[in-house]
Amino acid sequence: MRLEYTERQKAFRKEIRDWLAAHVPKEPLRSFDTEEGFAQHRAWERKLSGASLSAVTWPRDLGGRGLDLIEWLTFEEEYWRANAPLRVNQNGIFLLAPTLMEHGTEEQKKRFLPRMADGSDIWAQAWSESGAGSDMAAIRCKAVRDGDHYVLSGSKIWSTRAVWADWCFGLFRSDPASSRHHGLSFLLLPLKLPGITIRPIKQLNGLPGFAEIFFDDVRVPADNRIGEEGQGWNIAMATAGFERGLMLRSPARFQQTAKRLVDLYQQNRATADADPAIRDAVLKAWMDAEAYALATYATASRLARGGQIGAEASTNKIFWSELDVSMHEAAMSILGARAELMPHAPDAQGVEGWLDGFLFSLAGPIYAGTNEIQRNIIAERMLGLPRA
Amino acid sequence: MDFTFDDQQLAFRDAIRKFLMVEAAPEWLREIWETRSGRSLDLRTKLADQGLTAISVPEPHGGMGLGDLDWVLAQQELGYYAIPDSLNDTAYLAVDLLKRLPAGHALAAQWLPRIAQGTARIAIAHPVNPFTADAENADLLLLWHEDEIHALKPAQAKLTLNESIDMSRRLYRIDWTPTASSRVCDASAGRAIWEDLLNRAGLALAAQLVGLASRMLDLGIDHSVNRKQFGKPVGSFQAVKHHMADVAVKIEFARPVVYRAAYAMQKGQADRAVHVSHARLAAGEAARLAARRSIQVHGAMGYTWEADLQMFMKRAWALEANWGDRSFHKARVAAHVLDPVAELGPAHTF
């Protein structure tokens, strides 16, 4: 055990800190769930990529920087510390890319990853269907083989970023006779193909962060399939593992929220201290955010020694999502009657982005596999309790 | 940056685990509970044979000269098996205190070799604890008095037994009068020693609480796999699964905090107090939840004397309030987090 950064790691941190200080937009970008904000965020991805900072753990020849997980954590710490923009391409970079690296062909990696890294292609996910949410194996969207193409029909829903994104990835039933998790294929496809209709869905904040995607005999080349035909479920599970497991929600995000919460509390102690529960919640926020960081460093260290990511994919997801909700609830309590103010309201000084963050935090225990599903996974795969 | 234990440390932990699995079976603990002292000479001898009394005694005094990172793994196992012995007070806490006495102090040379051999028991009285465990059974009492360190034989103090719900804990109120001859060390030297003793005790209990939480989780799992209702194991029902999964999550996120605190202690890092208190709070929360959820999934059996769960719950409840209760540790975390000049947020974890 050695809990100190090497000189090389320290130098890297400084480089990132300096670069971000010089380049992070002074004015916050608009939400990437608006057309203008989406374009601003795409331009930011391009800028990051110009400094080889958009996907730091990828190999250099694919648009990355070849860094290890400790350096990735360092990058994330500096990124969140600098209040840099949210990552509009996170579905691609953090969810799809690890799957492509593991299961894609060399040709596919070269075709998709560099364009993902520089923001040319922004990716949406297309997992859920109206009848397949937590029960993802109930997928019905069809991909019928026709020569060197698949013909897609059906619909996907809760597709994050799909309103303005360029591409999507998801599971489709390529064997019509199959059921459950058999006979599914993992396909990548442009969202501008003929036969695709996108119906935006407004989220809790009124912006179209979701979409429903309708496929009406959409022709997708078979070489857009990752892995073997019919093997989509296993490949997707690998993606789901990464999503929950390590990369999607780095601890720095929650440490930064915890720090902002401490600041908010300090600025409002005259009123906040009337309720001792608030102080407790603030201390707990700091402790839990640190605990999540420590657990992630432990996992990264273990992976560096050749270990595999295991049940922590599910324990992590529960921990960070519940932490995020508690932190934002505490902020709402501190803000009291001002908490309901929209950020642009004339008297909304000091409410910052807490309301938006609170709304978004409520999605955490639901997306990427609900926390109830995660608890089942923990109980059955980690603790060995019998299946129902 | 490497947040893992090395193979040697893990092998030592595994050896302790194997040994305790045999020597500290629940039925054996129950027998020790029924004895007058709540302690077993036989068990102490075996612990010494395993080297557990010698872990941090310096090599010149017959020990292994290891540190907090080795202890933290051992403490988890001591918690998991709810060891009824004053090993922690004697071989971890008292050893550290004795090692840090001003150079050449006779007490260190006199007691460290005996501790390493397993032939001495030492009890420590600090005002953060109203009672001192094992005071009557000890060969030596080390006592706090206004940051001074004093040493007495148990016979030189008035000891009043206070029974604990954890039958392996023999608690005493100690009435004594400090004198020049009982004084080992003055307050100026004693202050830092007591401060670190308090931190080490907090760390030790945090690690034991994580071990206890794991044991209670395992007992809950065993019961819910074996107990059948409605024609199937109760562990196949989601309500029961989720009870257990919640405990697993708490444990997963308490353990690295405890290891972080052990590292801070071993390296004498300036912010070790906050790491230790964080570890205590996280581990205490995990242990409390484990007790609560495990008794629930045990059903009526959980409320009996017969089910082993009781031994681990009672130990957890007792430890959680010792060497600083929740409010004590929260106050230490608050002192750091609410310090206007504290560096918080990303990039300040290490």
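How far apart do the end C-alpha atoms of residues 7-118 of chain B lie, and how much of the span is helix and how much strand? I found the ends 26 Å apart, with 64% helix and 0% strand. Helices (H or I, at least four residues) and strands (E, at least two) are DSSP runs, numbered from the N terminus.

**Ground rules.** This is a predicted model, in which local features need pLDDT of at least 70 and side-chain atom pairs count only at pLDDT 80 or more, while totals for chains, interfaces and linings use all residues. Residues are numbered from 1 along each chain as its sequence is written, and chains are lettered from A and ligands numbered from 1 in the order in which they are written.

**Annotated spans.** I looked up the record next. UniProt, in an unreviewed entry, lists residues 7-118 of chain B as "domain: Acyl-CoA dehydrogenase/oxidase N-terminal". Its annotation "domain: Acyl-CoA dehydrogenase/oxidase C-terminal", also from an unreviewed entry, covers residues 194-337 of chain B. I get 78% helix and 3% strand over residues 194-337 of chain B, with the end C-alpha atoms 23 Å apart. For chain A, the unreviewed UniProt annotation "domain: Acyl-CoA oxidase/dehydrogenase middle" covers residues 124-218. Residues 124-218 of chain A come out at 0% helix and 47% strand, with end C-alpha atoms 17 Å apart.

**Sheet in chain B.** I traced an open sheet of 3 strands in the order 2-6-5, with antiparallel pairing. Strands pair if DSSP finds at least two bridges between them. Strand 2 (132-133) and strand 5 (158-163) of chain B are the edges, each pairing on one side only. Strand 2 of chain B meets strand 6 (residues 170-175) of chain B over 2 bridges, and B:Ala133 stands opposite B:Leu171 in strand 6.

**Cores.** A nonpolar core here is a set of buried Ala, Val, Leu, Ile, Met, Phe, Trp, Tyr and Cys residues joined through C-beta atoms within 7 Å. A residue is buried if 20 or more other C-beta atoms lie within 10 Å of its own, exposed if 12 or fewer, and partly exposed in between, with C-beta atoms placed from the backbone. The largest core has 154 residues, and B:Leu209, B:Ala213, B:Met244 and B:Val258 have the most contacts inside it. Helix 7 (residues 187-226) of chain B gives the most to this core, 18 residues. Beyond its neighbours within four places in sequence, B:Ala213 is in contact (C-beta atoms, placed from the backbone, within 7 Å) with residues including B:Val247, B:Ile251 and B:Ala286.

**Chain A against chain B.** I counted 45 residues of chain A in contact with 38 of chain B. Helix 9 of chain A gives the largest share of the chain A side, 13 residues. By class, the chain A side has 26 nonpolar, 7 polar and 12 charged residues; Ala, Val, Leu, Ile, Met, Phe, Trp, Tyr, Cys and Pro count as nonpolar, Asp, Glu, Lys and Arg as charged, and the others, Gly among them, as polar.

**One loop residue.** A:Thr105 lies in the loop between helix 4 (90-103) and helix 5 (106-117) of chain A. It counts as partly exposed because it has 13 C-beta neighbours inside 10 Å.

Technical notes:
UniProt positions are given in the numbering used here, feature names are shortened, and annotations may be inferred rather than shown by experiment. Two residues are in contact if their C-beta atoms, placed from the backbone, lie within 7 Å.
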